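Let me put today's model up on the screen.

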Amino acid sequence: MDDITKTILDRGDLAHLALFLWASGASAVVVFLLRELATANRRFNAFVTEIAHLNRLFREKD
């Protein structure tokens with residue numbers, strides 16, 4: 001990574017380097033948030049499934 005940075009700095013493309021780093025960081029945040037959202041969705045689905053199971057148990061007793 002040092003060689004790439006040095007080449008970019010030598011050519012005066014600091015703005016392109018900053019844009020690339022910003023885009024990489026933003027993409028990493030999006031990936032992290034999508035993973036967290038998927039995990040939360042699985043937990044919520046398990047919760048709803050358990051509630052449905054409890055409802056079935058209570059209906060059978062009536």
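Predicted model: local features only at pLDDT ≥ 70, side-chain atom pairs only at ≥ 80, totals over all residues.

Residues are numbered from 1 along each chain as its sequence is written, and side-chain values use heavy atoms, with hydrogens and water left out.

So, how many aromatic pairs turn up in a search of the whole structure? The search finds 1. To pair, rings of Phe, Tyr and Trp (its six-membered ring) need centres within 6.5 Å; planes under 30 degrees apart are stacked, over 60 edge-to-face, and the rest tilted. Ours is phenylalanine 44 with phenylalanine 47: the centres are 6.5 Å apart and the planes sit at 35 degrees, so we call it tilted.

Both phenylalanines are in helix 2, residues 14–61, and being 3 residues apart puts them about one turn of the helix from each other. Helices here are DSSP runs (H or I, at least four residues), numbered from the N terminus.

Buried or exposed, then, for phenylalanine 44? Exposed, at 52% relative accessible area, and phenylalanine 47 is exposed too, at 51%. The cut-offs are under 20% for buried, over 50% for exposed, and partly exposed in between, with a 1.4 Å probe and protein chains only.

Now the start of the chain. Just after helix 1 comes glycine 12, with a positive phi of about 80 degrees.

Notes. Helix = DSSP H or I, 4+ residues; strand = E, 2+ residues; numbered from the N terminus.
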